[in-house]
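Visitor: Hi, I've got a model open here. Can you walk me through a few bits of it?

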Amino acid sequence: MAAVFNFTFLRAQNKLGYEARPVLRAKSSPMSVDALPDFPTKSAPIKGGIAEWNFWAMDSPMGSFKYQNTALLHFPYVDLDQFYGARQEQRPKQTRGSFVGDGYPPAVALKGANIAIPDKHTCFSLTRKGYKPNPIGIETSVNQDRVVIMTYPDREDEWWMGLFDGHGDLGHATSHYASVEFPNRIQALSSKQSQMSQEEIKDGLKKIFEDIDRELPTNVNVGGSTAISIWKTGDLIYISNLGDSQAFVASFDNNGNNVELIQTTEPHKPDLPGERARIEAAGGQVELSPFPGASARVVIPINQFEAMALAMSRSLGDAEGNKVGVISEPTTEVLDLRSLSKDLNYVVVAATDGIFDQIAMAEVAMHIAKSIAKPTPLGLAEATEQLILKSSYRWFDESTIHNMMLYRDDISIAVHRLII
């Protein structure tokens with residue numbers, strides 16, 4: 001059973017004229033897949049200006065939709081910031097010392113919404129807008145992350161998952177464009193795959209990334225975005241990454257123990273030898289990490305007096321970065337599922353650095369594995385909310401420890417169980 005959601009937001013104006021935090025009220029009604037709405041199509045303003053791109057990309061789809069009569073698109077069911085607010089955290093009652101490892105806050109947003117979620121024990125994605133105040137302390141940002149999962153009601157041997165983390169003033173335009181364009185192009189590639197070799201399919205995926213990058217406007221700087229594409233088709237999974245979002249495949253036993261990361265992506269960082277060599281050969285400059293834990297950056301000249309520093313060496317968009325060696329070619333690895341033991345369970349996870357900058361990949365894998373082995377009524381929805389909340393606390397704690405202005409990155413995660 002699936003559901004259509006009618007989220008009502010109560011909006012109020014504060015003294016500065018900005019909208020106060022919306023209050024989430026969810027209503028749901030169980031519906032068949034046939035009753036799901038069609039995915040709304042709204043053409044991108046390819047030749048538009050900054051205002052047109054910003055307006056077009058401002059709101060991400062929420063919930064599930066029918067897509068091209070053959071597939072379903074599953075977007076996050078809610079932005080958790082609509083429930084918790086920009087700075088309000090529901091801290092757990094346990095002591096601070098126990099807030100590690102298995103110490104996770106209660107997932108109250110989705111429980112309180114009381115919504116029916118299709119495939120919640122098989123796949124799920126969730127997001128939370130960051131808290132990014134401007135220099136005078138007013139928080140006006142938009143969520144620049146986009147997440148989408150494409151499934152097929154009539155078959156289980158194929159699905160696709162995409163995750164995009166935008167950056168720059170209009171990074172949400174780049175991530176939004178990628179998220180609505182990728183499904184159609186994956187469908188087109190899928191229709192031809194029976195006649196293609198693995199290398200030809202990898203080339204086809206590379207072309208999707210590069211075509212989307214090329215189609216982004218050059219008349220306005222729409223920022224940039226990372227990109228993760230995970231396509232499961234038959235006995236193979238094609239895992240493509242671009243930038244510093246990450247993904248992994250993990251195995252675990254029936255009790256959620258003995259978790260092992262069997263496939264991981266490597267972030268494209270500017271100080272990796274091959275990446276640095278390409279950037280410097282193009283006339284670019286790599287600024288090394290100023291202290292442990294910080295990322296090296298590509299220095300991208302904007303004009304004679306200004307430059308930006310990009311924490312990744314590959315991305316979608318970032319037109320100025322293309323001139324100094326930033327490219328849109330993904331790294332694609334192929335996992336043959338026939339090589340895996342049928343006695344174990346498997347899960348695929350993709351997340352932005354909003355998660356992985358605060359929680360180790362192994363811990364994410366362990367928490368997801370436990371949620372699958374010992375499922376709750378909310379399934380994967382509960383585990384993903386808990387991971388986002390734990391990351392949220394750590395972002396704010398990090399700001400406090402370093403006496404910095406409170407900051408939290410956009411945080412998004414997508415999960416799909418892997419049946420072999």
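Predicted model: local features only at pLDDT ≥ 70, side-chain atom pairs only at ≥ 80, totals over all residues.

Visitor: What should helix α5 span, at 1.5 Å a residue?

Guide: The 18 residues of α5 (198-215) should span 26 Å, and the end C-alpha atoms agree because they are 26 Å apart. Helices here are DSSP runs of H or I, at least four residues, numbered from the N terminus; the expected span is 1.5 Å times one less than the number of residues.

Visitor: Which residues in α5 are buried?

Guide: Among them are Ile-201, Leu-205, Phe-209 and Asp-211. Buried means under 20% relative accessible area, exposed over 50%, partly exposed in between (1.4 Å probe, protein chains only).

Visitor: What does Asp-211 form a salt bridge with?

Guide: Arg-214, with the closest N and O atoms 2.3 Å apart. A salt bridge here is a side-chain nitrogen of Lys or Arg within 4 Å of a carboxyl oxygen of Asp or Glu. Both residues lie in α5, three residues apart, about one turn of the helix.

Visitor: Is Arg-214 buried or exposed?

Guide: Arg-214 counts as exposed because its relative accessibility is 57%, while Asp-211 is buried at 12%.

Visitor: New topic: how many salt bridges are there in the whole structure?

Guide: The search finds 21. One network of them links Asp-81, Arg-128, Lys-129 and Arg-408.

Methods
Residues numbered from 1 in each chain as written. Heavy atoms only, no water. Helix = DSSP H or I, 4+ residues; strand = E, 2+ residues; numbered from the N terminus.
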